[in-house]
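My entries follow the display.

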Amino acid sequence: MTLSASNARSQRKPKGEGHARRAEILAAAERIFVDHGYEGATIRKIADEVGLSSTALYMHFSDKSEILHEICERAFEQLLVMNRAVLEEPGTPEQRMRRLMQSYVRFGFENPNAYRLVYMTRPLEAQQAQSVAQSLGHELFGAFVRVVEEAAAEGRLRGDPRPTAQALWAGAHGVVSLMITKPYFDWVDREHLIDTLLDALFIGLLKP
């Protein structure tokens with residue numbers, strides 16, 4: 001065994017803790033990407049945040065683009081699981097549309113750093129996880145569009161399904177992005193604001 005191999009093994013966490021350490025790295029990277037931007041975030045900063053050497057961190061991830069890719073992938077997968085649970089519940093298309101939007105908003109508030117990286121990154125940074133956004137993100141929005149199309153089939157929409165779905169999503173995104181980036185504003189109760197927004201969107205876009 002070479003000296004370098006021996007040193008590498010000594011830096012590894014005990015067996016069974018690798019997944020926990022990987023999760024720690026991802027959580028730290030979320031904060032650093034948000035605070036410093038993708039370009040300003042370095043492997044050293046991320047490693048320091050979790051008490052690792054840069055060399056030890058490379059045992060888990062090859063570079064920071066892989067870290068960002070996994071953060072986005074995990075976020076989309078979590079949203080997909082939440083979506084599927086909602087879609088399995090009984091209810092009218094309108095009820096499922098509202099539940100899907102509530103689930104999306106709840107995810108944003110419970111995971112503000114991941115949400116900002118997935119939905120609020122600059123185009124240059126978003127390229128690092130573009131494949132995830134195109135595949136899992138497309139599946140996520142496609143499921144929502146299909147529920148909106150069901151409402152259209154019942155004659156409930158004032159307009160076409162796709163622009164209606166995009167308008168609903170834009171409204172949900174707006175309230176999440178504003179509240180997590182402007183926490184100092186004198187917001188009313190969060191649940192009351194969300195209900196008010198959804199009521200207004202549904203009144204405007206759906207027929208009575």
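I looked up the lining of the largest pocket first, and helix 9 gives the most to it, with six residues. I took helices as DSSP runs of H or I with at least four residues, numbered from the N terminus. The model is predicted, so I noted that local features need pLDDT of at least 70 and side-chain atom pairs pLDDT 80 or more, while totals for chains, interfaces and linings use all residues. Residues are numbered from 1 along each chain, and side-chain values use heavy atoms, without hydrogens and water.

Helix 5, helix 6 (93-110), helix 9 (130-153) and helix 10 (161-181) each supply at least two lining residues. The pocket holds about 290 Å³, a volume being the space filled by probe spheres set on grid points joined across faces, edges and corners. Of its 16 lining residues, Tyr104, Tyr119, Leu140, Phe141 and Trp169 are the closest to the centre. A pocket here is an open set of points on a 1 Å grid over the protein atoms alone, where a 1.4 Å probe fits, with protein on both sides within 12 Å along at least five of seven lines; lining residues have an atom within 4 Å of a point.

I then turned to helix 7. Helix 6 and helix 7 pack at about 110 degrees, with axes 5 Å apart (lines fitted to C-alpha atoms over the stretch in contact, angles from 0 to 180 degrees between N-to-C directions). They are therefore roughly perpendicular (65 to 115 degrees).

Notes:
Angles under 35 degrees count as roughly parallel, over 145 as roughly antiparallel, 65 to 115 as roughly perpendicular and the rest as oblique.
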